[in-house]
Structure formats: structure tokens, C-alpha cells
Amino acid sequence: MKQWLKKWRLLSVFAMLALVLSGCGKPFLSALKPAGEVGQQQYDLILLSLGIMALVIVVVVVIFTIIMVRFRRKKGDENKIPKQVEGSHVLEIVWTVIPIILLLILAVPTVAATFYQGDVSAMGKKDADGNPESLVVKVTAHQYWWEFEYPDLGFVTSQDLVIPTDEKVYFELESPKNGVKHSFWIPPLGGKLDTNPDNTNKFWLKVDQERANEAGDIFYGKCAELCGPSHAYMDFKVKPLPKADFDQWVADMQNAEAPQATTDLAQQGEDIFNQSCITCHAVSTDNGAPSLAPNLSNFGEREKIAGILDHTEEDLKKWLKDPEAIKPGNKMTATYPELDDNELDALAEYLMGLKVQEK
């Protein structure tokens, strides 16, 4: 009995910890700290559904308690049978109508939000001068990295998604034709949506500038569909910028020049890159660049290396030396000759110098 009691107490402690910790979350990662219109609507629906469930639980517990107290067995009444209410039309109507009402309370705003959030009719519209009215980003989910193409702006990047705040940004989501299914998810901004090899999914998100400031002007994106051994490491970062800053970033990306090595060591790294890496990785923002591997045109400005490592030369060299140890199953493994320490130093310096804005 004592052993059972210990296990029960331990289970209770873990249950309480799980309940408390489930309420914790960082503003750049948690869906419970919405930072945009879509995320806020979905959060409000979560609260509504939880409120309805809590109400049902409270009512059921109250009725159960009343019945247990009122109809408890008393001494001398062991053979007394309470009044039977089977066949009561009033009770049958009550317990049929109430769930219908609760479902309607939840269903009406849910359906309305679904249609509102699924409306992408503005995508592709042009103004009187023939310019697109809305920003469109084509997202391609590879194993295990993300490609972001801005088709109307004429450039492509990867791993770091840059978008303006306080306006709708439309997304076209897909996976390569010979790829697998992934799922695009930025928890604070809105729910997940699949990227499929055989069709394109579309939706929109909107970032609130004030909430972006609270999150440190960075959000974390995830793959929410089991896609292989490194599914858990298929991350990307989202950089929301005020409209003026975003326009400047766009201009810099459109006018980016071919990167130039600034030191002898970086020049050695460029030579190594051109011998071993250029067939898969592009260092041009041009959207005609190959997409066999992430575009590296602004690699030196990224938030992370391989989506998960700190953006330091030390971690970059770890990745270059053994990418399989960082992301098992990635397609970079064993595609280039093994590099010695001097070659790693040179290649890391060259890659860290690939910048569009920070010169």
C-alpha cells in the first residue's frame, strides 16, 4: 500500500509540473504568445474551446456532487429506490439541445475564421501601374532546409525568412517533386500548413510590429511533419522588419554584387568553395540560381548555421567537418573531399564574409 502511495504521489508531482510547464513559452516560439492577426484569432479560438470545456466540466462535477450528496444511501433506506426519470421528454430535450448550442458557439467563429484565413484572393493582384499589391513568398521545403523565393522581387534566399510587419504576406508552399511532405509552421504567427510535392498550398500571415519588438525581432519556424531522421533539426528563422527597413533590404538584395574575398585567407576559402561547393550552393541572390542546396548569398548575416547552430566560425567548421553528426541524413554529407584544419579556416572565413547589407 505504501509503495502504491509513493507512486501516486510521484505521478501527481509530474502531472502538476507538466501542467505548470505547459504554460511556459518564449515569445519567439510559443503559439500561446501570438504575434500576428492569424495567431491571435487561433489563440482566441483556443481560449473559447477551453472555456466551453471548462464550463461543461464544472456543470458535470456540480451535478455529480449534488446527486452523490442528495441520493447517498442512508441507514434504514437501503431498499428505497429513488424516483425514476427515464422517458422524461424535458430531460432528453435539455441534454440534446445544450450540446448543440455549445457546438454552434464554437463552430460559428471557427468556420468564419477558417474562411477568412483561407482567403488568398488578393494574391497576384496588381495595381494600376502593374505592380503587385501584396508580397508573395514561395516556400520550398527541402531535406532539411528551407528555400524562400520572392518571385515578384526577383531574388531567392534560404533559412532566414525576411518579411515586413503590419501587412499581409502571402505564401505558396510546396516540396520538390522528388521530395517528401513537410509542414511550415511559425508558432507565434499562425497554424501549420503542409508543403506537398504534388500540389501548392497557399495562405497568409501578418506580423504585429509591437509583438515583434517584444520577441526581439526574431521568430523561430519549424517543420511540423515527420520528414526523416533530422526532422527535429529542420528549423528556420523569421526576421520581421518595419516597412521602410524591409524595402531597404529588398533594394540591397536586388542590387547585391558578386561577393569579393577581402583577405588572403578568404581568397583561399573562395578557391575551395569554387572547387567543391559551387555546383550545389549559389552565392548570388538571382532567383535563377540552383536550389540543390541553400543559397549562401547572405550567409554571413544569418541567425543560425544549418538552422540550429550558433552563427560562429567554430560551429561553422564543426558543420563543414562532419555535417552528418549535426543533421543525420542530410544531403550534404560525403559530397566533397575531407577538409583539413587550414582549409576549414579558409572556407569558414570566406563564408562568413558573404553579406549583402553588412559590409
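Visitor: Which residues touch the most other members of the largest nonpolar core?

Guide: A nonpolar core is a set of buried Ala, Val, Leu, Ile, Met, Phe, Trp, Tyr and Cys residues joined through side-chain atoms within 4.5 Å. Buried means under 20% relative accessible area, with a 1.4 Å probe and protein chains only. Here the largest core has 40 residues, and Y150, L161, F171 and F184 touch the most other members. Strand β1 (residues 135–141) gives the largest share, 5 residues; strands are DSSP runs of E, at least two residues, numbered from the N terminus. Another core, of 24 residues, lies apart, with I305 and L339 among them.

This model is predicted: local features need pLDDT of at least 70, side-chain atom pairs count only at pLDDT 80 or more, and totals for chains, interfaces and linings use all residues. Residues are numbered from 1 along each chain as its sequence is written, and side-chain values use heavy atoms, leaving out hydrogens and water.

Visitor: Is T140 buried or exposed?

Guide: T140 is buried, at 9% relative accessible area. T140 sits in strand β1. Contact means heavy atoms within 4.5 Å. Beyond its neighbours within four places in sequence, T140 is in contact with residues including W145, W146 and E174.

Visitor: At what angle do helix α7 and helix α9 pack?

Guide: Two packed helices are described by the angle between their axes and the distance between the axes. Helix α7 (residues 313–321) and helix α9 (residues 341–352) pack at about 120°, with axes 9 Å apart. The contact includes L316 and L320 of α7 and L344 and L347 of α9.

Notes
Axes are lines fitted to C-alpha atoms, for helices over the stretch in contact, and angles run from 0 to 180 degrees between N-to-C directions. Helices (H or I, at least four residues) and strands (E, at least two) are DSSP runs, numbered from the N terminus. Buried means under 20% relative accessible area, exposed over 50%, partly exposed in between (1.4 Å probe, protein chains only).
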